Amino acid sequence: MLKNIPAILDGYRLMIVEAPEMKMRKTKENGREILIPDTIFGTDDPKYTVTLFCKKKASADGYRQKGEEVKVTLTSDPGSDFEEGQYVSLRNLSVSITAMPHRNARRDTGTEDAIGYVGWSFVAEGLTPESPHMAARTAA
């Protein structure tokens, strides 16, 4: 597992798809499943989450690649100044990669297949609004 690899997205535009909100996790209390705020390890500080559409900026010939929706965990309160459709940048973004091996028993042959998946998680200290001037300049 590779953890907290610094990432720079200067060549990409990031647009908020789902406004920032407190990140919640499930836990059991008195036999019932409840939601509680997810906190930063070793503290009572809550984490936040935001969903962004990440798209590479247009090349010199005007070509634009397809984009991807990503969910980012924020380690500080982004405040209430962010809304859907707003362009932002991320402060101190890092990426963690997890490979999860899994054995799959095949009923038809009685054998096992080794399969797995790779998971990506994105964490940033916070959001910074992109100025309207910058948004217009990078849109061209």
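## Charged pairs

Lys26 and Glu33 are both exposed, and in this predicted model their side chains form a salt bridge in which the closest N and O atoms are 3.8 Å apart. By the rule applied here, the count comes to three salt bridges.

Asp38 takes part in a salt bridge with Arg25, at 3.8 Å from N to O. Because Asp38 lies in the loop between β4 (32-37) and β5 (48-56) while Arg25 belongs to strand β3 (residues 24-29), this pair ties together parts that are 13 residues apart in sequence. Asp38 also forms a salt bridge with Lys47, where the closest N and O atoms are again 3.8 Å apart, and through shared partners Arg25, Asp38 and Lys47 are joined into one network.

Glu18, which is placed in strand β2, counts as partly exposed at 38% relative accessibility.

## The chain as a whole

The protein chain has ten strands and one helix, following the pattern β-β-β-β-β-β-β-β-β-β-α along the sequence. Of its 140 residues, 22% count as buried, and the chain exposes about 10,100 Å², of which carbon and sulfur atoms supply 51%. Among contacts between residues at least 6 apart in sequence, 65% join residues at least 24 apart.

Methods: Residues are numbered from 1 along each chain as its sequence is written. This is a predicted model: local features need pLDDT of at least 70, side-chain atom pairs count only at pLDDT 80 or more; totals for chains, interfaces and linings use all residues. Side-chain values use heavy atoms; hydrogens and water are left out. Helices (H or I, at least four residues) and strands (E, at least two) are DSSP runs, numbered from the N terminus. Buried means under 20% relative accessible area, exposed over 50%, partly exposed in between (1.4 Å probe, protein chains only). Contact means heavy atoms within 4.5 Å. Accessible areas come from the Shrake-Rupley method with a 1.4 Å probe; for residues, only the protein chains shown count as cover. A salt bridge is a side-chain nitrogen of Lys or Arg within 4 Å of a carboxyl oxygen of Asp or Glu.
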